[in-house]
There are 2 protein chains.
Amino acid sequence: MQDSIGESLYKLIHSYKNTLRETAIQSGIKLPVGHIRLLKSLRKKESCNAKAVATQLGLDKSQVTRVIKDLVERGYLSKERHPTNHRSSLLVLTHSGKTLLDHIQTFENTISQEMVIGLTDQQIDQFIQIADTMRHNLEQNND
Amino acid sequence: MQDSIGESLYKLIHSYKNTLRETAIQSGIKLPVGHIRLLKSLRKKESCNAKAVATQLGLDKSQVTRVIKDLVERGYLSKERHPTNHRSSLLVLTHSGKTLLDHIQTFENTISQEMVIGLTDQQIDQFIQIADTMRHNLEQNND
DNA sequence: TTTCTAAGTTGACTTGATCAACTCAAAATA
DNA sequence: TATTTTGAGTTGATCAAGTCAACTTAGAAA
C-alpha cells in the first residue's frame with residue numbers, strides 16, 4: 001500500500017538527514033546535521049544575528065543559542081558587534097568556518113544532484129511549491 | 001530566495017509534527033508523535049511483530065522496543081504469542097488502543113485535508129511519487 | 001534616570017535516534 | 001537427542017533535537 005503524505009515525509013527526511021550525516025563524516029566533517037543546516041543558512045546572508053537565524057529556520061531561540069555557542073567553540077563562527085542593532089550580536093563566519101562551509105556546499109551539491117536523479121526541473125520545482133503550500137496550510141490553522 | 005529541497009523538507013516536517021502534536025492534545029491525546037506514527041502503522045496490518053514495524057517505519061529496533069513498551073504500559077497494546085513465528089511476539093491493539101486509533105484517524109484525516117487545500121489530487125500524488133523517488137535515490141547511494 | 005523591551009542565555013526536561021552488547025528461545029544441525 | 005546457530009527483542013549509554021519558562025542584560029523609549 002502507498003504511504004500517506006506524512007509517512008513519505010518521515011521517511012524522506014530520515015534518509016536525507018542520514019545521507020547528509022554520513023557524507024559529512026566521509027568528508028571528514030563530524031558535525032550534527034542541525035549545525036550544518038545553521039551554517040548553510042549563514043551562507044545566504046554572510047552575516048546576521050541569532051534571532052534572524054531562528055526565524056529563518058523556524059527554530060527556538062534557545063536551540064539556536066546553543067548551536068551557535070558550539071560553532072563558536074569549534075572556531076567556525078565569531079560574534080561581533082552589530083553595526084546597527086546594538087542589542088544583538090553579529091554572527092560572522094571565521095576563515096575556518098568559510099572553508100568548512102565550502103566543503104559542505106560541495107558535498108551538499110552532490111547529494112542534491114543524486115537525490116533528483118530521474119526528476120525534471122519542473123518536478124523539483126513543483127515539489128518545493130507543494131511543500132510550501134502544505135506548510136502554509138498547516139501554519140494557518142494552528143499557531 | 002527560494003528554499004532548497006532540504007530546507008523545504010525540514011520546515012514542512014516540523015510544521016506537520018507540530019500540527020499533529022497540538023491537534024492530538026486538543027483531542028485529549030497526549031502522546032508523542034512517534035507513538036502515534038507507530039500506532040497508525042498497526043492499523044494497516046491489525047497485528048504484526050516489532051521487527052515488521054521497525055522495517056516498515058525505517059526505525060531502529062531498539063527504538064521500536066521502547067515505544068511498544070510504553071504503549072503496552074499505557075494499555076493500548078498487548079503482546080501475544082505469534083501463531084507461526086514462535087520467536088517473535090504478536091502486537092495486538094487492545095480495545096482502548098482501537099478506540100484511540102479511531103480518534104487519531106479522525107483528526108489525522110482533518111489535518112490531511114487541511115494540508116492539501118489548494119492542491120489537486122494529481123499534485124498530491126505527484127508529491128508522494130517524487131518523495132519516494134528521492135528517498136530511493138538517496139538510499140541507493142548510501143547504505 | 002527610570003522603565004520597558006528585545007535579544008540572548010540558561011536550566012530542566014522530553015522526544016527522537018544510534019550503536020553495541022546482551023538475553024533467550026526457536027530453529028537448524030550434528 | 002544434544003549442541004550450535006540464528007533471529008527477535010531488550011537494555012544501557014550516549015547524542016541530537018526540540019520545548020518551555022525563567023532569567024539577564026544592554027539598548028531604546030519614556
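**View 1. Burial and fold of chain A in the predicted model.** Buried residues, meaning those with 20 or more other C-beta atoms (placed from the backbone) within 10 Å of their own, make up 27% of the 143 residues in chain A. This is a predicted model, in which local features need pLDDT of at least 70 and side-chain atom pairs count only at pLDDT 80 or more, while totals for chains, interfaces and linings use all residues. Residues are numbered from 1 along each chain as its sequence is written, chains are lettered from A, and ligands are numbered from 1 in the order in which they are written. Chain A has six helices and three strands, which are DSSP runs of H or I with at least four residues and of E with at least two, numbered from the N terminus.

**View 2. The side of chain B that touches chain A.** Here 43 residues of chain B are in contact with 43 residues of chain A, where contact means that the C-beta atoms of two residues, placed from the backbone, lie within 7 Å. The largest share of this side of chain B, 15 residues, comes from H6(B).

**View 3. The surface near DNA strand C.** A residue is near the strand if its C-beta atom, placed from the backbone, lies within 6 Å of it, and of the 24 residues around DNA strand C, those that come nearest are A:Lys51, A:Ser62, A:Ser88, B:Pro32 and B:Gly34. H4(A) gives the most to this surface, with six residues.

Notes. Buried ≥ 20, exposed ≤ 12 C-beta atoms within 10 Å, placed from the backbone.
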